[in-house]
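Notebook open, model loaded. I'm jotting down what I look up as I go.

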Number of protein chains: 2
Amino acid sequence: MSKVHRVRFQPFGREVRVLDGQTILDAARAAGIEMNSPCGGKGTCGGCRVEITQGAPPPDGPSLERLTAEELHRNVRLACQVRVTGDMTVVIPAETLLFDQQILETGIDTAVSPEPNVRREFLRLQEPGVADQRSDHDRVLDALGDRGLSPEADVTMLRELPGALRAAGFEGTAVMVGDDLVAFEPGDTTARHFGVAVDVGTTTVVASLIELATGRQAAVASSANPQASHGDDVVSRIEHCLRGPSQLTEMQGLIVGCLNDLVGRLCDEAGLRPTDLFEAAVVGNTTMTHLLLGLPVDHIGRSPFIPAVREGLSVIARELGLAIHPRGRIYVGPTIAGYVGADTVAGILATRLHETDGLRMVIDIGTNGELVLGNRERLLACSTAAGPAFEGARIKYGMRAAAGAIDRVDIADGRLRVHAIGDVPAVGLCGTGLIEAVSACLESGIVNEMGLMQAAADLPGLSQDLAARLIHTNGETALCLVSAEQCSTGHPVLLTQRDVREVQLAKGAMFAGAAVLMAEMGVTADDLDEVLLAGAFGNYIRPERARRVGLLPPVPLEKVKFVGNAAGTGARMLLANRSQRRTAEHVSRSVHHVELSGRADFQEIFAEAMLFGA
Amino acid sequence: MSKVHRVRFQPFGREVRVLDGQTILDAARAAGIEMNSPCGGKGTCGGCRVEITQGAPPPDGPSLERLTAEELHRNVRLACQVRVTGDMTVVIPAETLLFDQQILETGIDTAVSPEPNVRREFLRLQEPGVADQRSDHDRVLDALGDRGLSPEADVTMLRELPGALRAAGFEGTAVMVGDDLVAFEPGDTTARHFGVAVDVGTTTVVASLIELATGRQAAVASSANPQASHGDDVVSRIEHCLRGPSQLTEMQGLIVGCLNDLVGRLCDEAGLRPTDLFEAAVVGNTTMTHLLLGLPVDHIGRSPFIPAVREGLSVIARELGLAIHPRGRIYVGPTIAGYVGADTVAGILATRLHETDGLRMVIDIGTNGELVLGNRERLLACSTAAGPAFEGARIKYGMRAAAGAIDRVDIADGRLRVHAIGDVPAVGLCGTGLIEAVSACLESGIVNEMGLMQAAADLPGLSQDLAARLIHTNGETALCLVSAEQCSTGHPVLLTQRDVREVQLAKGAMFAGAAVLMAEMGVTADDLDEVLLAGAFGNYIRPERARRVGLLPPVPLEKVKFVGNAAGTGARMLLANRSQRRTAEHVSRSVHHVELSGRADFQEIFAEAMLFGA
């Protein structure tokens, strides 16, 4: 018989019982606590640090490697590595929690004329009699036929229709989604006309409540993607799903639960019931939309990276378990390739790249960066594995864009200053802060073109403040951004040589992607009319810093524009205007996907792209 | 706490435990024994006689009324009336069981060219690679597109597709139903191409396995409709469903279980798996098809008799629980009105009434008789409540068309002779026997035009045999067909005055329906080119007897034709040829339904029709 132990989580005061041998990460999940776990529980990222105040086991392999002596002494451990073999009390530090993230909810405002896929028609029907024995279904169809509509009804609708017609006294509102009659509501409910647009990000999920008659956004809500407890990047999540079919079901359940939570919050805010909603339009990267639909992701995870489906799909809500009206629909946008998803298609719609005359590039910087280049004539897209550095992972003091994360690094008058999100004392470095720090190092010469961090002795002109910050620790050079004394965590915040290497890898991937697309198109950076930065990351980054680090092609700064959460904007367009779905389908089919791993010259281009230009 | 009792059923040796207070009928149902229960458990028909050999309670109301002193002495009781209050042993006599019925499986042979709704296409697909990253779905769609096909795939298909393609090594057979891709099977399975056509009768369910490439019938199986345990006629079943939503679910479960059993038997016979089947085409009266689909029948049951749906429907097998391929389809044919169902539409297709030039009438004699009159120009239909007399119910010694039921009555040389189904000693009268007996009585003058049974004293020319058979019992005149001494049951088989009245009501209803249709059309019986008798009943009845009794309009006998199970034939046509479904839809919409209860003159016509003409 398996033993059961109690694990108490602080500062929540939440207690769960778990089987002997489960990890603290498992226990936290069971307690409903979303923990940082960028590497997906492999013990390689150190992101899931917790402090065990009661019942701590001796440290083992990965904890010994990843944690400092001081941390080990304080009984800090990696939650993914510690197996519960007795009762425990565990404190989860703020930086290990997925919370308080800065989430970009708004995007560019691309107006579309309302042409929703959901229709409501108020009908006053003739009551049946011996002289008019039409079936209940025909009675409704005939009335809709008078208005040029001829929807179909599935058997679940027909089961309800006789009761619904009589409960409404044969006066009510027929609700149609696409070509289907899905409800008959008593009275005139034509004004109760809303839908939800969702951008399912790997990290963050943003949902907008849209008034369908106008396209107006009535409310917006966002949440961390709870799948993050199985890894921060799509590859970790695909690997999790490879363990067995129940893992896919679990991942689907996590995202559906998250959407239901968001729908509930939006409805509360607008005074609606979730069953008043008959459609949700969803975009996301290919893995996210596959997981939402419960589609296998096995073959996305390995070469040649084949998704199950490219087309947009419309799925009945009850079949996904989405808590809108059970006969409502979830429209999931079309994708381009295994790593270029519906979010990219939505971004193209939002930026109107497919209608533009000039040459534009849309860059979505993230763990998987997506790039699209082109215009109305031709569109090329690629994805590039920038790695999780910009999400704060694989960075010594990396963290997500949460309170306490450094997001600005400036050197003025020889003194380095940092700013942290939430105007609180800094405890780590988020992606934006990382770029800021590297950019500052390049400007001050601390890091050279090859990406080597110089010793203070080799930089005679360096200010005293900067020279003092350049230290040697754990066998590598590092720049001290915040000293241990200034930091509430008791550890310093450093930018290490290895961190700079991670940035090189990440920016090299993005830059190489852009270079390949331009080469494929036969153009250079000079030919670009605009570079559009999309995604949450792009909105907080300073373009001169991004360009200095080499994340962007070398274009004049006035050509760089922020388009915010373009994917979310595209999702709202897909919800509000059904003809945009045909456009999306067309874009999805016509964009030429450039598979970087299929190019013989990619490694060479990539190696070059890793250099920091002057 | 409720007590539990054991009820043992003989001759089956089956024992069940039931709660105190449940009826023997409930217990039999729990034991999986299908009992006769024409009145649906009201205690009015006496059809559910059982003998309680251990634990018999004293007889109560309905049993005292319906059973003879001899029966009561033998502890015969009505199973629907006896509540189990202790352990019991119950013997179910053969005539109380729904078994060994004569079921008409074959119909007229109306050839249709095969044009099935299910398609199978063997595909050899290009394997994916970095140079060909099409989604699994696109890969299949493109190959089918080359053959002019563009099916859709639902999310459950897409969940399986990646695994199915790889398991098949990218060579396999795409199966489509209508416009949907529903399976990808390894290898070439284009020859494994079958479907099922089903006629769900109130009493009997007949299923045919059809080879779709040829339309050939590969096997046939039939079964009693297990819903009969809740009443023999549709009205009893509707009343059962009115008790609550679980009753509708129960009724649906019974018929789906029956279909699954038939599908299993057909597949066993043909060496197929049920999941090899991708479509079933089903017809039945409106109540039967509603119950199969789980649609509410409440409003069919009361004026103005409104069905939920008239249109034909195609429902996904897994949604109905039908054990063919889960993504297979059940096509349920369109209906005409609440009491003129898909079986009548199928009968029109099979007899090609909608294409005929001459004037024809199709008569389906049953508890609910359906009549259709017309030709390619115009079609009229009505239903008429003949009552359950022809099913053997409400008849003193009535029984179903099972072994021992009298089906022939002849008077030759003044002597009356009877024949029973199965060439066994007679124990009761089935519908055909009833018509034969009444017809013989009319011929010999025992019953006059008014339907009055004469006393022997008033019939001076009557033979000695017949005179001896005319008796007076329980306050009414009766003709003794089989004496108690000759009968294994210990009771005689009589045709009573009340039985004759029941026949008058039934035949009056049929005849009046025919008269109204002809009046509505502005024709007389002389204008009829053919009278087609459909249904199981029609096949065993002798036309001169049916005409003598007044079941048929007065036409020369050579104009009377048997078309057997025309509904079943129509179901096979609907399965084998998808364009027949459009025809059925057209017929369903264009047939004019004449509601007899809506006609002011119906009672008058009906009263006249009850007379026995010379």
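Entry 1: I started at B:Arg352, which sits in the loop between helix H10 (342-351) and strand E16 (360-364) of chain B. This is a predicted model, so every value in these notes is computed. I checked the backbone there and got a positive phi of about 55 degrees for B:Arg352, although it is not a glycine. Is B:Arg352 buried or exposed? B:Arg352 has 12 C-beta neighbours inside 10 Å, so I put it down as exposed; the cut-off for that class is 12 or fewer.

I then went to the other chain. A:Arg352 has a phi near 55 degrees, again positive in a residue that isn't glycine. I found A:Arg352 in the loop between helix H10 (342-351) and strand E16 (360-364) of chain A. With 12 other C-beta atoms within 10 Å, A:Arg352 is exposed.

**Entry 2: cis peptides.** Next I went through the omegas. The bond joining A:Ser303 and A:Pro304 is cis, with omega about 5 degrees. I traced A:Pro304 to the loop between helix H8 (286-293) and E14 of chain A. In chain B, the peptide bond from B:Ser303 to B:Pro304 is cis too, omega near 5 degrees. B:Pro304 lies in the loop between helix H8 (286-293) and strand E14 (313-316) of chain B.

**Entry 3: how the copies relate.** I superposed the chains. Chain A goes onto chain B by a rotation of 180 degrees with 0.0 Å of shift along the axis, RMSD 0.1 Å. The two copies are therefore related as by a two-fold rotation axis. Which residue of chain A comes closest to that axis? I noted A:Glu319, whose C-alpha is at 5.5 Å.

**Entry 4: the interface.** I counted contacts next: 39 residues of chain A touch 39 residues of chain B. On the chain A side, the elements giving two or more residues are helix H4 (136-145), helix H5 (155-167) and strand E14 (313-316). H5(A) gives the most, with six residues. Sorting that side by class, I got 19 nonpolar, twelve polar and eight charged residues. I also compared the two sides: 100% of the interface residues of chain A are interface residues in chain B as well, so the copies meet through the same surface.

Entry 5: Last stop was an open sheet of three strands in chain A, in the order E20-E19-E21, with mixed pairing. Which strands are at the edges? They are strand E20 (415-420) and strand E21 (428-429) of chain A, each pairing on one side only. I looked at one pairing in detail: strand E19 (residues 405-412) and E21(A) run in the parallel sense, over two bridges. A:Ala405 stands opposite A:Gly428 in E21(A). Helix H11 (residues 431-443) of chain A packs on this sheet and touches E19, E20 and E21. I got about 20 degrees between the direction of H11 and that of E19(A).

Technical notes:
Residues are numbered from 1 along each chain as its sequence is written. Chains are lettered from A and ligands numbered from 1 in the order in which they are written. This is a predicted model: local features need pLDDT of at least 70, side-chain atom pairs count only at pLDDT 80 or more; totals for chains, interfaces and linings use all residues. Two strands pair if DSSP finds at least two bridges between them. Helices (H or I, at least four residues) and strands (E, at least two) are DSSP runs, numbered from the N terminus. Two residues are in contact if their C-beta atoms, placed from the backbone, lie within 7 Å. Axes are lines fitted to C-alpha atoms, for helices over the stretch in contact, and angles run from 0 to 180 degrees between N-to-C directions. Copies are superposed by least squares on the C-alpha atoms of residues with pLDDT of at least 70 in both. Ala, Val, Leu, Ile, Met, Phe, Trp, Tyr, Cys and Pro count as nonpolar, Asp, Glu, Lys and Arg as charged, and the others, Gly among them, as polar. A residue is buried if 20 or more other C-beta atoms lie within 10 Å of its own, exposed if 12 or fewer, and partly exposed in between; C-beta atoms are placed from the backbone.
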